[in-house]
Amino acid sequence: MLQAATTEPYFSFTAKVSFEGAKQYDQAGLIMHLSGDTWFKASMECENDEIKHLGSVVTNHGYSDWATTAVPASITTVWYRMTRKKGDFLLECSMDGKTWNLLRMFHMWQCDGEISYGVYACSPGDSRFTATFTDLDFQIKTAADMTM
């Protein structure tokens, strides 16, 4: 993980993530960490030679859910945008950095004050791959800017 911290209640964080995983479960994307039992991640995860999973995990008080959709394994680059409105979050993705699609909206129960957010790459199967993170953009918003 490469993370920064903020107390801003209204912001957007965008990152372009490129990677070609080698083994099942290799993954790269965005992450937000509040504690060991309250966190979120969004990523592209390798499944096999034909598909990857584009999805997210939200964990509140130790209870997790996983939202995912299959995409062709040939996709190696995705832009992610996470928008915070106090304890509510909007997660979007784009294949070109211009047209954005909703992945999910979610609420973090313990989201007062500082949060850590950033990018991550993970290889639970102990493989080797390169992940490239570019176009990182953090924008402070106001309550009037926010629509969810």
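Biologist: How many cavities of 30 Å³ or more does the structure hold?

Modeller: This is a predicted model, and the structure holds one cavity of 30 Å³ or more. About 50 Å³ of space lies in the largest cavity.

Biologist: Why is this space called a cavity and not a pocket?

Modeller: A cavity is a set of points where a 1.4 Å probe fits but cannot get out, whereas a pocket is an open set. The space of about 50 Å³ is listed as a cavity, so by that definition the probe cannot get out of it.

Biologist: What makes Trp-66 a lining residue of the largest cavity?

Modeller: A lining residue has an atom within 4 Å of a point of the cavity. Trp-66 belongs to the lining, so Trp-66 meets that cut-off. Others in the lining include Lys-41, His-53 and Thr-68.

Biologist: Which strands supply at least two residues each of that lining?

Modeller: Strand S4 (38-46), S5 and S6 each do. The largest share, five residues, comes from S5.

Biologist: How do you know that S5 and S6 are paired?

Modeller: Two strands pair if there are at least two bridges between them. Strand S5 (residues 51-60) and S6 have 10 bridges, in the antiparallel sense, so they count as paired. As one example, the bridge partner of Val-58 is Asp-65 in S6.

Biologist: What makes S6 an edge strand?

Modeller: Six strands form an open antiparallel sheet in the order S1-S10-S3-S4-S5-S6. Strand S6 (63-72) pairs on one side only, and strand S1 (2-6) does likewise. The twist averages 15° from one strand to the next.

Methods. Residues are numbered from 1 along each chain as its sequence is written. This is a predicted model: local features need pLDDT of at least 70, side-chain atom pairs count only at pLDDT 80 or more; totals for chains, interfaces and linings use all residues. Side-chain values use heavy atoms; hydrogens and water are left out. Helices (H or I, at least four residues) and strands (E, at least two) are DSSP runs, numbered from the N terminus. Axes are lines fitted to C-alpha atoms, for helices over the stretch in contact, and angles run from 0 to 180 degrees between N-to-C directions. On a 1 Å grid over the protein atoms alone, a cavity is a set of points where a 1.4 Å probe fits but cannot get out, and a pocket is an open set with protein on both sides within 12 Å along at least five of seven lines; lining residues have an atom within 4 Å of a point. Grid points are joined across faces, edges and corners, and a volume is the space filled by probe spheres set on the points.
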